[in-house]
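Student: I would like to learn how to read a sheet and the helices around it. Could we work through one example together?

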Amino acid sequence: MNEMPPLESVCTGKVYLVGAGPGDPGLLTLKGKGLLECADVVIYDALVSPLILSMINPQAERINAGKRCGRHSLLQGETTQLLIEKAHQHAIVVRLKGGDPFVFGRGGEEMEDLLKAGVSVEVVPGVTSGIAAPAYCGIPLTHRNYSSSVTFVTGHEAAGKYRPQVNWQAIAQGSETIVIYMGVHNLPGIIPELLTGGLSPQTPIALIRWGTRPDQEELVGTLETIVDQVEQTGFEAPAIVVIGQVVNLQAVLSHYAPLVVTNSGND
């Protein structure tokens, strides 16, 4: 007969990898909201908006694991270990991530490590900022007259990853709309590669900071002008970059973009 493992090694809790969406609380899924309201512990990222955080169970333990431009509240390995520890102590542990956990959110890495540690995991998808931010400023990523293809790509690659770099020249040739996550700081290096790949210097580009939030900002230009515009205006990350002819529709469609919620109604 097999012996039972020691009681302290049995994990009775479950970790939920919840996508918080881009910021507007109206874009959080009902399932995600329900988990926040009954969570025992919530470990959240820096990009989760205050309005989303206000939905967390008041009795829940809150832990900031945010990462912003090299400034880490917790290192990735520490975050995963913390999730494992909390799952042994509590029934409902929420790992709250901006956007979607599996779209440039390291959710896949965390899920792998948790499963290896014997922790039960469930993914709750969220609206990714690469789709929501353009929509909120009037940029459709596809349009029958302008774009039938979209590429989502990171502009900030991890060191020591599975391949040395994104093939920007191939992306320039293979997609009519390009959406770049975490790419603002690297635009001076990315744009020359896109131009070498065949894009015109006059190709429209939009940068969208804090998309769907009350403080949303946009900067629109061309591949030829945008780096100078960023320097002149002091435009900073976090922002989504959209490249392609669909950006030209922003001048018309932005007047009909969704309204941004400015308070949670809980004041």
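**Reading the sheet and its helices**

Tutor: Let us begin with the whole: in this predicted model, the accessible surface of the protein comes to about 13,600 Å², and 53% of that surface belongs to carbon and sulfur atoms.

Student: How many helices and strands does the protein have, and what percentage of its residues is buried?

Tutor: The protein has nine helices and twelve strands, and of its 267 residues 48% are buried. Among contacts with a separation of 6 or more, 69% are between residues 24 or more positions apart.

Student: What is the order of the strands in the open sheet?

Tutor: Strands of a sheet pair through backbone hydrogen bonds, either parallel or antiparallel. Here five strands form an open sheet in the order S3-S2-S6-S1-S7, and the pairing is parallel. Strand S3 (61-64) and strand S7 (120-124) stand at the edges, and because each has a single partner strand, one side of each is left without a neighbour in the sheet. From one strand to the next, the twist averages 20 degrees.

Student: How many bridges join strand S1 to strand S6?

Tutor: Strand S1 (residues 14-19) and strand S6 (residues 92-97) run parallel and are joined by six bridges; for Leu-17, the bridge partner in S6 is Arg-95.

Student: Which strands do helix H1 and helix H3 lie across?

Tutor: Helix H1 (residues 30-38) lies across S1, strand S2 (41-44), S6 and S7, and runs at about 130 degrees to S6. Helix H3 (residues 76-89) lies across S1, S2, S3 and S6, with an angle of about 155 degrees to S6.

Definitions and conventions:
Residues are numbered from 1 along each chain as its sequence is written. This is a predicted model: local features need pLDDT of at least 70, side-chain atom pairs count only at pLDDT 80 or more; totals for chains, interfaces and linings use all residues. Side-chain values use heavy atoms; hydrogens and water are left out. Helices (H or I, at least four residues) and strands (E, at least two) are DSSP runs, numbered from the N terminus. Buried means under 20% relative accessible area, exposed over 50%, partly exposed in between (1.4 Å probe, protein chains only). Contact means heavy atoms within 4.5 Å. Accessible areas come from the Shrake-Rupley method with a 1.4 Å probe; for residues, only the protein chains shown count as cover. Two strands pair if DSSP finds at least two bridges between them. Axes are lines fitted to C-alpha atoms, for helices over the stretch in contact, and angles run from 0 to 180 degrees between N-to-C directions.
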